[in-house]
Amino acid sequence: MPINKPDDKPVKPAKKAATPQLVRGMHDILPTDWPWWNFIFNKVEEVAMCYGYERIETPILEKTQLFTRAIGNTTDIVEKEMFSFVDQSGDHLSLRPEYTAGIARAYIEHGMLSLPQPVKMFSYGPHFRHERPQAGRYRQFWQFNFEVLGETEAVADSQLILAAAALFERLQLPVTFAINSVGCPDCRPKYRQVLIDYYRTKRSEMSDEAKKRLTRNPLRLLDSKEEALIEINKNAPQCVDHLCENCRNHFVKLLEHLDEVEFTYQLSPNLVRGIDYYTRTVFEVWGEDGAASAFGGGGRYDNLIEEIGGRATAAVGFACGIERIVAELKKKQVPVPPRQRPDIFIASLGEAARKKALKLFEDLRRQGVTVAESFTKSGLKSQLETANKIGASFALVIGQKELMDDTIIIRDMENGIQETVDIQKVSLEIAKRLEHKAARSVPA
Ligand code: AMP
């Protein structure tokens, strides 16, 4: 309370601070969301294990120059989407907009070239892009990411695509893979020129934005969503028809490998992806029902490591957006394991019983039993309601009478049947009952 001196004017109470709000484009992952997130993380870990990937996590902050060099100055990400700043030491830093550049840096910095190649690594974590927030598009979003570094052969691309497919199969989400080749620095400039020549003949039908793009990054016109361009692109020259011999062979091999395992894919001549470092293979993973955007995508980046200062190392990788997958899992009502339900709920009545309950909680926890409580609630009814709500299998009740008798009540929350047992035997009794319950729930 502000205290006024007699000759002071009355002190106005400070204005109540505005309710704190999320930064635009950010979102919270609430406790109720975690079953979906954990489901995805578990499937990512399982697939990584099956295909021989090891986890790597790189920092969220990297030098800005890493991204400008790796991703390319004319890309949307570098031109307008990075969260960049100069820190107290004068370093130009950015929140990572994607994983690959940081992982390539780590590969160089930790001398991973001297490890047996290829080096296969996976990751999952948050990324930042200052995009216009809209449904499914955030300024902080999560990706999982798989990279194979140190391998030129097309078989690596094929197996990476198969790993991505295996992951979506485990996520129970039907998807389509769109695949293309964008060539290499030998053949792409020639194709680029063919493309520019084609678009020049269509200039009168193109928007100002598209014309600007034509001079800066003509390949990106190919996957434009502008209606006029969609029409123009139907007859645009295709990159696959302008690949050099090495790139063509690589692409043919990739497709042959996929055909060998009878993997269904869609050839997408207009697929280019928005990042400059891609060479040869590019692919995207699309959901069903004409989704507005892809779950993810990836491709080969044979020159990136050399471009950012390492030795020439071919590599291929892919990343998917986790928010979009969570939304799809929810939409499709894919069953995910629920939040872990505690085995036991301890209810206590009165101060003395609460002390005993606290000790019992610790004893059972040490025994490996998952226990919940609501020590701060006093009525038995409300405590049992909580036990019910969180789905505990059994409640243990300690009241005055039980305290005096050194007993405890075990209540089966499924059928309400209660039994009073000697408190010394409670661990044994609980173990027995949980075992019995587990045996009953195993499907025949
Ligand atoms: P990219 O790194 O641009 O190839 O993106 C790969 C995937 O990450 C996309 O297909 C999306 O699923 C996801 N993604 C990219 N940007 C965002 C964003 N701003 N918000 C949510 N997810 C995103």
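Colleague: Is A70 buried or exposed, and why?
Modeller: A70 counts as buried because its relative accessibility is 2%; buried means under 20% relative accessible area, exposed over 50%, and partly exposed in between, with a 1.4 Å probe and protein chains only. Keep in mind that this is a predicted model, where local features need pLDDT of at least 70, side-chain atom pairs count only at pLDDT 80 or more, and totals for chains, interfaces and linings use all residues. Residues are numbered from 1 along each chain as its sequence is written, and side-chain values use heavy atoms, with hydrogens and water left out.

Colleague: Which helix does A70 lie in?
Modeller: That's α2, residues 64-71. Helices (H or I, at least four residues) and strands (E, at least two) are DSSP runs, numbered from the N terminus.

Colleague: And what is A70 in contact with?
Modeller: Leaving aside neighbours within four places in sequence, A70 is in contact with A101, Y277, L304 and I308. Contact means heavy atoms within 4.5 Å.

Colleague: New topic: strands. Why is β5 largely enclosed?
Modeller: Strand β5 covers residues 119-128, and nine of its ten residues are buried, so the rest of the structure largely encloses it.

Colleague: How many bridges join β1 to β5?
Modeller: Two, and β1 (residues 54-55) runs parallel to β5. Two strands pair if DSSP finds at least two bridges between them. R55 has F122 as its bridge partner in β5.

Colleague: What about β5 and β6, parallel or antiparallel?
Modeller: Antiparallel, over ten bridges, with β6 spanning residues 140-149. There, G125 has Q143 of β6 as its bridge partner.

Colleague: OK, now the cores. Which residues have the most contacts inside the largest nonpolar core?
Modeller: They are I40, F144, F146, Y199, I322 and I325, in a core of 95 residues. A nonpolar core is a set of buried Ala, Val, Leu, Ile, Met, Phe, Trp, Tyr and Cys residues joined through side-chain atoms within 4.5 Å. Helix α5 gives the most to this core, with nine residues.

Colleague: What does I322 touch?
Modeller: Not counting residues up to four places away in sequence, I322 touches W37, I40, F41, Y124, W142, Q143 and F144. Another core lies apart from the largest one, with 20 residues, including A357 and L360.
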